[in-house]
Amino acid sequence: MDRKPDEVSGGISVSAAQAARDLRVTVSRLRRRIREVARDDDLTPPQVSALTLVGKHGVATASALASAEGVRPQSMAATLAALEQRGLVRRSPDPDDGRRQLVTLTDSGRRRLEGDRQVREEWLARTLQDRYTEAERRTLLEAFSLLERLTRP
């Protein structure tokens, strides 16, 4: 099979392969850094993740949360028990199926998520302000509009 000098394999250009690698690595590092900014040592990473999921879903069953997180239902039950003990989530019987429990955020859980989100956004805005020029920030904005295409089906 003849490969063009600017192809890695399968018709993928060297620049596309390099961009994919760089994007994956950079996004992973940025996600890790953003998580560190708002990390409160009183919650474990699985607890933070479950709390965030409940916040996104509004109301969810423990089994749906376990499935979304890729963990055993027993592990999710322990995580939710710890969050409930801290007053961040509420578990109540499902009116349609008494064997299941519905999980929702408490007001305290909602405030916690919103506070974490605000801290992360402020850190990111401040870091962009401090480390990039206006021209560089405009370049980033242009790049984000291009990257948005990756999120489309």
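D42 counts as partly exposed, at 37% relative accessibility; on this scale buried means under 20% relative accessible area, exposed over 50%, and partly exposed in between (1.4 Å probe, protein chains only). The areas themselves come from the Shrake-Rupley method. This is a predicted model, where local features need pLDDT of at least 70 and side-chain atom pairs count only at pLDDT 80 or more, while totals for chains, interfaces and linings use all residues. Residues are numbered from 1 along each chain as its sequence is written, and side-chain values use heavy atoms, with hydrogens and water left out.

So where does D42 sit? Look in the loop between α1 and α2; helices here are DSSP runs (H or I, at least four residues), strands too (E, at least two), numbered from the N terminus. The side chain of D42 meets that of R112 in a salt bridge, 3.2 Å from N to O. A salt bridge here is a side-chain nitrogen of Lys or Arg within 4 Å of a carboxyl oxygen of Asp or Glu. Because R112 belongs to helix α5 (residues 107-131), the pair ties together parts that are 70 residues apart in sequence. R112 is buried, with a relative accessible area of 14%. D42 also has its C-alpha atom 9.7 Å from that of R86, 44 residues away along the chain.

Searching the whole structure turns up 12 salt bridges. Another one pairs R99 with D97 at 3.0 Å, N to O. R99 counts as exposed at 76% relative accessibility, and D97 as buried at 19%. Both belong to a salt-bridge network that links D94, D97, R99 and R100. In helix α6 (residues 134-147), R138 and E134 lie 4 residues apart, about one turn of the helix, and their side chains meet in a salt bridge of 3.2 Å, N to O.

R29, R31, R32, R35 and K56 gather in a positive patch on the surface; patch members have over 30% relative accessible area and no salt bridge, with like charges joined within 9 Å. Helix α1 (residues 14-38) gives the most, with 4 residues, while K56 lies in helix α2 (residues 45-57).

Zooming out, the protein has 6 helices and 5 strands. Its radius of gyration is 21 Å, well over the 15 Å that the globule rule gives for 153 residues, so the protein is more spread out than a compact globule. That radius is taken over C-alpha atoms, and the rule is 2.2 Å times the number of residues to the power 0.38. Of the 153 residues, 22% count as buried.

Note on methods. Patch = residues over 30% accessible without salt bridge, like charges linked within 9 Å, V, L, I, M, F, W, Y side chains within 5 Å. Areas by Shrake-Rupley, 256 points an atom, 1.4 Å probe, with all protein chains shown as cover. Lys, Arg positive; Asp, Glu negative; His and termini not counted. Charge placed at Lys NZ, Arg CZ, Asp CG, Glu CD.
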